[in-house]
Every structure is written in structure tokens, then in C-alpha cells.
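Take a look at the fold below. We will walk through it step by step, from a single side chain to the chain as a whole.

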Amino acid sequence: MLHLIKYCLLTILRQKYTVFWSMLFPILLGTLFYASFGSSDTKIETIDVAVVEKDNSEMSQNFISFLEMIEDDDSELISIQKLSEEEANKKLKGLEITGLFYACKEPELVVTSNNVSSSVLKSLLDTFTRQAQMYKDIAIEKPQKLQEAAQYAYLEFASETTLAGKKVDGMVQYFYSLIGMACMFGSFIGYFVSVQLQANVSSVGLRRAVAATSKLKQFIAGTITSVFVHYISLAVLLLYLQYVLKIDLSGNIFKLIGICLTGGFIGVSIGMFTGTLSRMPEGFRIGILVASGLLSSFLSGLMVGGIKGLIEENFPLLNRINPSSVITDAIYSITIYDDPGRYTLNIIILIIMSLITGAVTFIITRRDYYDSI
């Protein structure tokens with residue numbers, strides 16, 4: 001068995017595309033994420049903005065008070081200057097300020113470019129507008145509750161924390177999904193090993209078919225080696241995220257190891273199953289691996305952050321059968337929710353999916369017989 005594992009390991013490491021997709025691609029994508037989002041400690045610089053008071057309405061005064069409250073906050077998000085319209089436009093054109101707020105019955109925002117700072121200013125205006133409309137509705141429907149509602153104003157600017165009181169970076173969800181994608185891309189390793197077991201697909205499979213070693217031993221050796229190589233790839237990715245990019249993956253390290261082992265196993269199992277579809281062209285099978293990995297990662301929130309929650313609200317079963325979503329949910333359970341029951345359930349789901357896929361793959365491989373090989 002050790003002899004089989006040794007040579008299976010050597011053949012896997014010689015395949016450049018398996019090394020790229022299972023190890024290098026996730027690291028490259030993680031680096032691009034980091035360059036786009038920054039680290040969890042990234043802080044937006046104070047945004048200089050002008051305020052022009054166009055009238056003396058109640059809405060205008062409330063809007064100015066809102067901006068002053070944001071300015072006085074410890075986050076130092078904005079710095080406001082009360083100017084005349086002429087002075088404000090002059091500074092805006094000279095790029096001395098990022099945006100210009102008009103305080104009036106319907107507050108407005110003017111910016112000269114589309115960037116992060118402009119988006120922040122627009123978010124502030126949208127927040128004030130939504131809350132102003134909320135107070136109007138309350139005043140019409142339940143005026144006696146208006147004073148009580150005012151006590152909960154501007155809660156959108158409260159700190160986001162876990163159930164254990166730990167501060168959460170909203171961008172870290174993309175890195176959790178990245179780990180899920182890396183687990184899924186272990187399918188390329190499993191695919192290669194599966195192909196090497198089939199006499200009608202590869203010359204190595206032809207030699208193995210006439211060897212004295214049983215198919216069961218070959219299958220077990222290939223599976224063990226694939227999972228081992230993939231787990232090393234995942235370990236490298238985790239170390240890179242944690243210590244090079246400084247992404248906070250804190251949690252129970254042993255539970256994180258369990259997630260990577262079971263997540264890597266399901267990725268390898270899917271690849272081995274795809275490899276048994278020998279009647280399909282190789283390019284088509286590789287396309288299945290890429291498409292399934294990317295689709296699974298997309299549904300877990302790799303490309304669109306809120307899609308996993310949207311699926312949970314409308315079609316929760318999809319999150320239970322999508323391997324990447326289960327993997328990311330298991331990571332959430334130890335880093336954010338601190339929910340052992342949820343973690344255990346996710347691990348059980350991954351193990352069941354892996355065993356079913358692996359069993360089907362072995363049955364298909366074992367039943368193949370070849371004439372005149």
C-alpha cells in the first residue's frame with residue numbers, strides 16, 4: 001500500500017494543472033481579494049465634504065444635525081464645512097472636497113467621481129432619507145411611538161460583532177468562500193487519480209488493469225494520496241491567508257482542520273466521480289470540474305456577498321446540498337456563531353456527501369471490464 005501511495009504522490013505532483021488549480025489559483029485569487037478589499041484593519045480616511053444650507057426647513061436642520069453627529073463620531077468618517085453654494089462648487093471643482101451636500105427639504109448630494117468615498121457619502125444620504133421616511137410613517141400611523149423610535153436612531157452605524165462580542169470585518173466572508181472554493185478545486189486532483197485507474201483512458205490505467213494489485217487497493221491508495229495532497233494545499237492557503245495577508249481566521253484550530261479534511265474529501269470525491277465519465281471528451285469533463293467549482297463557490301457568496309443569505313431565505317435546501325456553502329457555514333459556526341451543533345451538522349453533511357460520491361465512483365470503476373487490452 002505504501003508503495004502505491006508513494007508513486008501515486010509522485011504522479012500527482014508532476015501534473016502542473018492539478019497543482020495550479022488546487023493550490024496556486026486560490027492563493028492568487030486571495031491576493032487579488034486582498035488588493036481589492038484590503039485587510040480587516042483597513043480604515044477609510046476622513047472624507048472632506050461641504051454642506052450648503054439652501055433653506056431653514058426642519059428637514060434641513062435635521063440633516064445638518066445628522067451630519068454633525070457622524071462627524072463627531074469616533075470613526076472620524078467625515079469632516080464637514082458649511083459653505084455658500086459658490087464656495088462649495090469652487091472647492092468641489094478644485095477637488096478640495098469629495099462631495100457637496102445640499103441641506104433642504106429633500107437633501108441632495110453632488111460628487112465629481114465614482115469611488116469608495118463617494119459611495120460612503122451616498123450611503124449616508126440614503127440612510128438619512130430612509131430614517132426620515134420611517135419617522136414620517138410612524139408620525140402618521142402611531143404618533144405616540146415617535147419619541148420612543150427617536151431613541152433608536154442611526155443604529156446602522158453600530159459596530160458589527162459576533163455573538164461572542166468579537167468585531168467582524170464584512171469582507172472576511174469572501175475569504176471564507178475562497179476556502180470553500182479551494183476545497184472544491186481539489187476535484188482536479190481526484191479527477192487525475194481517477195483517470196489513472198481506467199485502462200480505456202490512460203496508459204497508466206492500462207498497466208494497472210493487468211497488475212496483480214486489486215482495484216480496491218489502488219482506489220484506496222489513490223483516494224488517500226489525493227486527500228493528503230489536497231489537504232497540504234489547503235494548509236498552505238490557510239497559512240498564507242492568516243500570516244501573510246493577515247486575514248483573521250481565528251477559531252478552534254482543530255475544528256478548522258476538520259473542516260479542511262472533510263471539505264477536501266468532498267472536492268476530491270467529486271473529481272474522481274467526474275473522471276469515471278470516460279465516454280465524454282476530456283475537455284468536457286474538465287469543463288464540468290471548473291463550472292461546478294465556480295457555481296458552487298458563487299452560490300456560497302464568493303462573487304456576490306449576500307447571495308447565500310438570499311438562498312437561505314428562499315430555498316434553504318440548496319445551501320444544505322451545495323458543498324461550498326456547507327463548508328463556509330461550518331467556518332462561520334466556529335469563527336462567528338460559536339455554535340458547536342451547527343458545526344457538527346455541517347461536518348456530518350460533508351462526510352455523507354463524500355462517502356456517497358466515493359462509493360458510487362468505486363462501484364463504477366470496479367464494474368469496468370476491458371476486452372483486448
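Does Asp 126 count as buried, partly exposed or exposed? Asp 126 counts as partly exposed, because its relative accessibility is 27%. The cut-offs are these: buried means under 20% relative accessible area, exposed means over 50%, and partly exposed lies in between, with a 1.4 Å probe and protein chains only.

A word on the source. This is a predicted model, where local features need pLDDT of at least 70 and side-chain atom pairs count only at pLDDT 80 or more, while totals for chains, interfaces and linings use all residues. Residues are numbered from 1 along each chain as its sequence is written, and side-chain values use heavy atoms, with hydrogens and water left out.

Now back to Asp 126. Asp 126 forms a salt bridge with Lys 122. The closest N and O atoms are 3.0 Å apart. A salt bridge here is a side-chain nitrogen of Lys or Arg within 4 Å of a carboxyl oxygen of Asp or Glu. Both residues sit in helix H5, residues 116-141. They are four residues apart in this helix, so about one helical turn separates them. Lys 122 counts as partly exposed, at 48% relative accessibility. Helices (H or I, at least four residues) and strands (E, at least two) are DSSP runs, numbered from the N terminus.

By the salt-bridge rule, the count comes to five. Look next at Asp 329. Its side chain meets that of Lys 308 in a salt bridge, at 3.4 Å from N to O. This pair links distant parts of the chain: Lys 308 is in helix H13 (residues 307-314), Asp 329 is in helix H15, and they are 21 residues apart. Both Lys 308 and Asp 329 are buried.

Asp 329 has another partner. Arg 342 forms a salt bridge with Asp 329, and their closest N and O atoms are 2.6 Å apart. Asp 329 counts as buried because its relative accessibility is 10%. Arg 342 counts as partly exposed, at 30%. Together, Lys 308, Asp 329 and Arg 342 are linked in a network of salt bridges.

Next, find helix H7, residues 172-184. H7 has 13 residues and reaches 19 Å from its first C-alpha to its last. That is close to the 18 Å expected at 1.5 Å a residue. The expected span is 1.5 Å times one less than the number of residues. H7 is mostly covered, with 12 of its 13 residues buried. Among them are Tyr 174, Phe 175, Leu 178 and Met 184.

Start at Val 172, which is found in H7. Val 172 counts as buried because its relative accessibility is 10%. Leaving aside neighbours within four places in sequence, Val 172 is in contact with Ile 247 and Asp 248. Contact means heavy atoms within 4.5 Å. Val 172 and Asp 248 are 76 residues apart along the chain, yet 7.7 Å separates their C-alpha atoms.

Which residues touch the most other members of the largest nonpolar core? They are Leu 178, Leu 241 and Ile 259, out of 45 residues in this core. A nonpolar core is a set of buried Ala, Val, Leu, Ile, Met, Phe, Trp, Tyr and Cys residues joined through side-chain atoms within 4.5 Å. Several helices each supply at least two residues of this core, including H2 (16-37), H7, H10 (215-244) and H11. The largest share, 10 residues, comes from H7. Leaving aside neighbours within four places in sequence, Leu 178 is in contact with Pro 26, Leu 29, Gly 30, Phe 33, Leu 241 and Leu 302. Apart from this core lies another, of 20 residues, among them Ile 47, Ile 64, Ile 80 and Leu 121.

Finally, step back to the whole chain. Its secondary structure comes to 16 helices and four strands. Of its 373 residues, 42% count as buried. Among contacts between residues at least 6 apart in sequence, 71% join residues at least 24 apart.
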